[in-house]
Amino acid sequence: MEYIIFDLEWNNAYNYKINKGMNEIIEIGALKLNEKLDITDTYKQLIKPRLSKRLRSSFKNLTHITMEEIREKGVDFDEAFAGFSRWCGNGDVIFLSWSTSDLHTLAENYLKFTGSADVKFIKKYADAQKYCMHFLKTESNNQVSLSKCAESFGIVVENESLHRALEDCYVTALCFKKVFDSSLFEQYVSPCSREFFERLVFKPFFIDKPKFEDFCLYEIPFVCKYCGKEITRIKPYELVSNSFKSVGKCSSCNKKYWLNVRAKKTYDGIVVSTKAFEMNKKRAKKFDS
């Protein structure tokens, strides 16, 4: 068994094709550890950006990476990750990063630049931050920074050396090694399939159209809470705050209702929630005809 601790530095670039910002990977850093958690190899590579030719000030101030350095030492995304994949090898490897944000960014970059979110060379993954937090006595479940975790474990870190990919890997490795327990760690390891990565990058969204895939707003039934008869809609639906809203009347007892339908597209399908609120008598009279 080997362990690969990786870290990514990314620049927030604007993607004009999708009209929103995207975290574009600028640097990869990684350490390879053997079964005794001794470092056996390192990997470091700068990547030339495709989406933006400018680095944000916040990124430059944090990492001290410059465009001059990237032009001198950087390679294209495909070349960088082809080299990283070869370096990782095909053995029994568990990949780790500090929080899952790097894994999300990696899958999003793969989807953008290769057409598929599937990072094939990663077969097993564990969140080093989540694992290390198991050993920290904190009053909340808020995420703990790498530097704070190192401090809690008695590991001396020069803060100015953080926020470069390879340097962050060294600190993560020290924290991981400090509290490593093989049987406990197994519980934090997830198998990584194509579906695993597709789920990472899928962003659920509310449906704002009356008909979308298998969802049809006009086929959603409502039933009167008093007599169990069907509620008939007497006003067109309006989209308000991601919900379709209308007014209905019981076909039997004439009770009036506010109708609410919300539909959300998830990776596994469409989730529909409905609510019917009885109107008070004063409001109900306004809909008598």
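## Positive surface patch

K235, K282, R283 and K286 form a patch of positive charge on the surface of this predicted model. One of these residues, K282, belongs to helix 10 (residues 281-285). K282 counts as exposed because its relative accessibility is 67%, and the cut-off for exposed is over 50%.

## Salt bridges

The structure contains 16 salt bridges. Side chains of opposite charge can pair when their charged atoms come close. R164 and E27 pair in this way, with an N to O distance of 2.8 Å. R164 is buried at 13% relative accessible area, and E27 is buried at 0%. A network of salt bridges links E27, E69 and R164.

K203 and E108 form another salt bridge, their closest N and O atoms lying 2.9 Å apart. This pair links distant parts of the chain, 95 residues apart: K203 is in the loop between helix 9 (194-201) and strand 7 (205-206), and E108 is in helix 4 (residues 101-114). K203 is partly exposed, at 44% relative accessibility.

In the salt bridge between K225 and E278, the closest N and O atoms are 3.7 Å apart. K225 is exposed, with a relative accessible area of 60%, whereas E278 is partly exposed at 30%.

## A buried asparagine

N11 is situated in strand 1 (residues 2-15) and is buried, with a relative accessible area of 1%. The side chain of N11 contacts the backbone oxygen of R54 at 3.1 Å and the backbone nitrogen of R56 at 3.0 Å.

Definitions and conventions:
Residues are numbered from 1 along each chain as its sequence is written. This is a predicted model: local features need pLDDT of at least 70, side-chain atom pairs count only at pLDDT 80 or more; totals for chains, interfaces and linings use all residues. Side-chain values use heavy atoms; hydrogens and water are left out. Patches are made of residues with over 30% relative accessible area and no salt bridge: like charges are joined within 9 Å, nonpolar side chains (Val, Leu, Ile, Met, Phe, Trp, Tyr) within 5 Å. Accessible areas come from the Shrake-Rupley method with a 1.4 Å probe; for residues, only the protein chains shown count as cover. A salt bridge is a side-chain nitrogen of Lys or Arg within 4 Å of a carboxyl oxygen of Asp or Glu. Lys and Arg count as positive and Asp and Glu as negative; His and the chain ends are not counted. The place of a charge is taken as NZ of Lys, CZ of Arg, CG of Asp or CD of Glu. Helices (H or I, at least four residues) and strands (E, at least two) are DSSP runs, numbered from the N terminus. Buried means under 20% relative accessible area, exposed over 50%, partly exposed in between (1.4 Å probe, protein chains only). A polar contact is a pair of N or O atoms within 3.5 Å; within protein, one must be able to donate a hydrogen and the other to accept it, and residues adjacent in sequence count only if both atoms are side-chain atoms.
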